Amino acid sequence: MIHELGQQNSILNQFIAELRDVNVQNDFMRFRRNLERCGEIFAYELSKVLSYQTVQVQTPLGTADVSVPNNNVVLATILRAGLPLHQGMLNYFDKAQNAFISAYRKYDKDGTFRIQFEYISCPSIEGKTLVLIDPMLATGASMLLAYKALLEHGKPLHTHIVAVIGSKEGVNYMKRNLSPSEATIWVGAIDDELTVKSYIVPGLGDAGDLAYGKKD
Ligand SMILES: O=P(O)(O)OC[C@H]1O[C@H](OP(=O)(O)OP(=O)(O)O)[C@H](O)[C@@H]1O
Ligand SMILES: O=c1cc[nH]c(=O)[nH]1
Ligand SMILES: [Mg+2]
């Protein structure tokens, strides 16, 4: 199952437009805040498919029956670029547990790269709702590697993959490797192409560098 949220008109598309725009994206603080705002919208949309229970809330004047989500949510993020998007989702899923994965593209001299995995900090995800967050789904290699590392910490009830921009290739890669009963994919937009260096076109450039500055 895949939800491409940008297909519907909403304010999300304004935030994605600003993330992509070369005349706006150089403002680091705005870039991070726009990722965070996207995270808030993804959290709101995703909340609609969680399971709910009715609770009674005591007000000063009586008792209200309110239907609230009752899932145990674990928000998992791939460093670095995932951090602002993660924070946006955590603003709404404020009771969620959190996992962090260090995985980045390590380039060789010939321009080829492999995904370097170094660190994971993760609670048990057994029977929980896992949300795996990264703004960019290019080849899908980082996302799948992170997902496999997370599975060492239990079998989730269901996994939600969240990316602001996916490529066709990356989305298809995830679909090939994860069944619909296992995972739901949420993306803001799906772009057609990858460059020879596997950057998404038109994409937005390097999300980690735009959020936190260029690496050495
Ligand atoms: O789908 P893939 O082909 O694996 O590419 C996507 C990955 O690339 C980016 O991270 P990057 O390696 O640039 O690390 P950074 O966030 O530290 O910049 C992005 O945030 C994803 O994690
Ligand atoms: O287009 C891309 C691909 C990978 N990582 C990014 O930050 N951007
Ligand atoms: Mg990067």
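This is a predicted model: local features need pLDDT of at least 70, side-chain atom pairs count only at pLDDT 80 or more; totals for chains, interfaces and linings use all residues.
1. Turn to ligand 1. It has 22 residues around it. Which of them come nearest? They are Ala 81, Ala 138, Thr 139, Ser 142 and Gly 208. Several elements give two or more residues to this shell: β4 (73–79), β5 (97–107), β8 (136–137), α4 (141–151) and α6 (207–212). The largest share, three residues, is from α4. The shell around ligand 1 splits into twelve nonpolar, six polar and four charged residues.

2. Now the helices. Helix α2 spans residues 28–47, and helix α3 spans residues 82–92. Their axes come within 6 Å and cross at roughly 45 degrees. The pair therefore counts as oblique. The crossing is right-handed.

3. Who makes that contact? From α2 come Arg 32, Leu 35, Glu 36, Arg 37, Cys 38, Gly 39, Glu 40, Phe 42, Ala 43 and Tyr 44. From α3 come Pro 84, Leu 85, His 86, Gln 87, Gly 88, Met 89, Asn 91 and Tyr 92. The contact has nine nonpolar, five polar and four charged residues.

4. A word on confidence. The protein chain has a mean pLDDT of 96. Of its residues, 100% reach 70 or more. For the complex, the predictor gives an ipTM of 0.97 and a pTM of 0.96.

Note on methods
Residues are numbered from 1 along each chain as its sequence is written. Chains are lettered from A and ligands numbered from 1 in the order in which they are written. pLDDT is the predictor's confidence in each residue, from 0 to 100. Axes are lines fitted to C-alpha atoms, for helices over the stretch in contact, and angles run from 0 to 180 degrees between N-to-C directions. Helices (H or I, at least four residues) and strands (E, at least two) are DSSP runs, numbered from the N terminus. Angles under 35 degrees count as roughly parallel, over 145 as roughly antiparallel, 65 to 115 as roughly perpendicular and the rest as oblique. A crossing is left-handed if the near helix is turned anticlockwise from the far one by less than a right angle, and right-handed if clockwise. Two residues are in contact if their C-beta atoms, placed from the backbone, lie within 7 Å. Ala, Val, Leu, Ile, Met, Phe, Trp, Tyr, Cys and Pro count as nonpolar, Asp, Glu, Lys and Arg as charged, and the others, Gly among them, as polar. A residue is near a molecule or strand if its C-beta atom, placed from the backbone, lies within 6 Å of it.
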